[in-house]
Amino acid sequence: MNALLLIMAALTQGPSQSDLLVTTEWLAANLNDSRLVLLHIGTQPTYDAGHIPGAQFLNPLRDFAAAPAAGGLSLELPSPEVLDSVLEARGVSDHSR
């Protein structure tokens, strides 16, 4: 499956690399965790073709890209407030994983 999976963890201490990477076994064991937020970042056809159960679809051009400013990049992230709003609407919080 060609899906990009983002697992966002809000940690009080800086996360180590091992905190951000999980195994398929861990994922299978934790799919029913109400704090787990799975985001499929990509195109609608790849999401429709198959995704991890419970993963929410995010279109990077629609949901994450800021409107291009004159002379700016076309794929810049939006302001922290807009990005925060997008992620909060998908369930990402200080208590989610």
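I began with burial: of the 97 residues in the chain, 24% are buried (under 20% relative accessible area; exposed is over 50%, partly exposed in between, with a 1.4 Å probe and protein chains only). The model is predicted, so I note that local features need pLDDT of at least 70 and side-chain atom pairs pLDDT 80 or more, while totals for chains, interfaces and linings use all residues. Residues are numbered from 1 along each chain as its sequence is written, and side-chain values use heavy atoms, without hydrogens and water.

Next I listed the elements. The chain has 5 helices and 3 strands (DSSP runs numbered from the N terminus: H or I of at least four residues for helices, E of at least two for strands). Their order along the sequence is β-α-α-β-α-β-α-α.

Then I looked up Thr-46, which sits in helix 3, residues 44-49. Its relative accessibility is 32%, so I logged Thr-46 as partly exposed. The Thr-46 side chain reaches the backbone oxygen of Thr-43 at 2.8 Å. I also checked Thr-46 against Phe-57: they are 11 residues apart in sequence, and their C-alpha atoms are 9.8 Å apart.

Last, the charges. Glu-81, Asp-84, Glu-88 and Asp-94 form a negative surface patch (residues with over 30% relative accessible area and no salt bridge, like charges joined within 9 Å; a salt bridge is a Lys or Arg side-chain nitrogen within 4 Å of an Asp or Glu carboxyl oxygen). Of these I followed Asp-84, which lies in helix 5, residues 80-89. Because its relative accessible area is 40%, Asp-84 went down as partly exposed.

Technical notes: A polar contact is a pair of N or O atoms within 3.5 Å; within protein, one must be able to donate a hydrogen and the other to accept it, and residues adjacent in sequence count only if both atoms are side-chain atoms. Patches are made of residues with over 30% relative accessible area and no salt bridge: like charges are joined within 9 Å, nonpolar side chains (Val, Leu, Ile, Met, Phe, Trp, Tyr) within 5 Å. Accessible areas come from the Shrake-Rupley method with a 1.4 Å probe; for residues, only the protein chains shown count as cover. Lys and Arg count as positive and Asp and Glu as negative; His and the chain ends are not counted. The place of a charge is taken as NZ of Lys, CZ of Arg, CG of Asp or CD of Glu.
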